[in-house]
Amino acid sequence: MFSPYYAWARRRGGGDPLQHAAVNVALYGSGGKHWSMTERGRGAVQRDATTLQIGPSALEWDGTSLTIRIDEVAVPLPVRIRGTVRVHPQALAGQPYRLDAAGRHHWTPIAPCARVEVALDRPSLRWSGNGYLDSNKGDEPLEAAFKRWDWSRAALRRGTAVLYDVTRRDGAGPLMGLRFDPSGGVEPFDPPPFVTLPGTSWRVQRGTRADAGRGARVVETLEDTPFYARSVLETHLLGETATAVHESLCLDRFRSTWVQALLPFRMPRALR
């Protein structure tokens with residue numbers, strides 16, 4: 001969805017999504033940060049009901065877990081990222097939520113409560129813990145419908161809390177608070193008061209919601225780009241202290257000419 005090549009193709013009257021496919025890998029840890037998002041054309045994509053292969057990487061669903069086999073090269077320093085990630089859902093949700101009035105954009109929390117196992121050979125890395133799997137689908141570019149959003153997922157003692165705070169082009173919401181149970185249940189809750197977080201070095205605004213009187217703070221900024229920030233928060237939701245993964249997206253900034261010119265440095269396109 002953030003491909004500059006796809007945006008250029010659309011402006012020329014084309015834009016086949018299968019010509020702009022990529023597996024995005026982002027690693028954060030004591031060994032540094034590694035990012036890979038190499039775009040490939042239709043000839044590098046194979047898919048059926050249970051498998052999606054994009055170039056040398058592939059995702060496969062066996063009915064109980066999702067296995068992601070990664071074989072990518074990071075940018076700008078060419079570091080190989082190779083290994084396996086397995087996602088074991090505790091339950092499958094699957095209900096789509098509409099994000100815009102026209103019904104062109106939907107978000108689906110596929111496995112809001114999951115166990116994740118990471119086993120990488122390059123770099124050598126092992127990790128396991130709680131995780132999350134979702135999907136976004138749209139019939140038009142994101143920037144056509146939205147100005148910005150703040151989103152977060154917090155692991156609770158039992159389940160997961162998701163906050164979705166969207167600013168659409170027409171000025172309306174939605175503002176969603178959802179609590180997902182490991183058994184598959186979902187319960188909406190009234191999002192708590194807004195908390196302003198410090199802006200990033202690129203001046204991307206960040207905000208979240210936390211229990212009244214408790215607040216939230218940025219523990220670490222994982223991605224700091226001209227239009228997008230990914231952060232780790234210490235927050236308080238539904239009466240619990242929690243760690244949350246948070247993202248802020250500014251689509252006015254994303255569609256600007258100067259940002260589009262920078263994107264190929266983070267998203268190279270494979271020649272074949």
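Predicted model: local features only at pLDDT ≥ 70, side-chain atom pairs only at ≥ 80, totals over all residues.

Q: How many cavities of 30 Å³ or more does the structure hold?

A: The structure holds 2 cavities that reach 30 Å³ or more.

Q: OK, and how much space lies in the largest cavity?

A: About 60 Å³ of space lies in the largest cavity, and the residues that line it are Asp150, Trp151, Ser152, Leu163, Tyr164, Asp165, Leu175, Gly207, Thr208, Arg209 and His246.

Q: Which strands each supply at least two residues of that lining?

A: Strands β11 (146–155), β12 (160–168) and β16 (206–209) each contribute at least two residues to the lining of the largest cavity.

Q: And how does the lining of the largest cavity divide by class?

A: By class, the lining of the largest cavity has 4 nonpolar, 4 polar and 3 charged residues.

Q: What about the second largest cavity, what lines it?

A: The second largest cavity holds about 40 Å³ of space, and its lining is made up of Ala91, Leu92, Ala93, Pro112, Cys113, Phe180, Asp181, Pro182, Gly184 and Gly185. By class, that lining divides into 7 nonpolar, 2 polar and 1 charged.

Q: Switching to pockets, how much space lies in the second largest pocket?

A: The second largest pocket has about 170 Å³ of space, and its lining residues are Leu27, Tyr28, Lys33, His34, Trp35, Ala74, Val75, Pro76, Leu77, Val79, Glu223 and Arg266.

Q: How many of those are nonpolar, polar and charged?

A: The lining of the second largest pocket has 8 nonpolar residues, 1 polar residue and 3 charged residues.

Q: Now the surface: which residues make the nonpolar patch?

A: Trp202, Trp258, Leu262 and Phe265 make a nonpolar surface patch of about 440 Å².

Q: Where is Trp258 placed, and why does it count as partly exposed?

A: Trp258 is in helix α4, which covers residues 257–262. Trp258 counts as partly exposed because its relative accessible area is 41%, a value between the 20% and 50% cut-offs.

Q: Back to the strands, is Ala154 buried or exposed?

A: Ala154, which lies in strand β11, is buried, because its relative accessible area is 0%, and the cut-off for buried is under 20%.

Q: How far apart are Ala154 and His236 in space, C-alpha to C-alpha?

A: Ala154 and His236 are 9.2 Å apart in space, C-alpha to C-alpha, and 82 residues apart in sequence.

How values were computed: Residues numbered from 1 in each chain as written. Heavy atoms only, no water. Patch = residues over 30% accessible without salt bridge, like charges linked within 9 Å, V, L, I, M, F, W, Y side chains within 5 Å. Areas by Shrake-Rupley, 256 points an atom, 1.4 Å probe, with all protein chains shown as cover. Salt bridge = Lys/Arg side-chain N within 4 Å of Asp/Glu carboxyl O. Helix = DSSP H or I, 4+ residues; strand = E, 2+ residues; numbered from the N terminus. Buried < 20%, exposed > 50% of the residue type's maximum accessible area, 1.4 Å probe, protein only. 1 Å grid on protein atoms, 1.4 Å probe; cavity = no way out; pocket = protein on both sides within 12 Å on 5 of 7 lines; lining within 4 Å. Points joined across faces, edges and corners; volume = space filled by probe spheres on them. Nonpolar A, V, L, I, M, F, W, Y, C, P; charged D, E, K, R; others polar.
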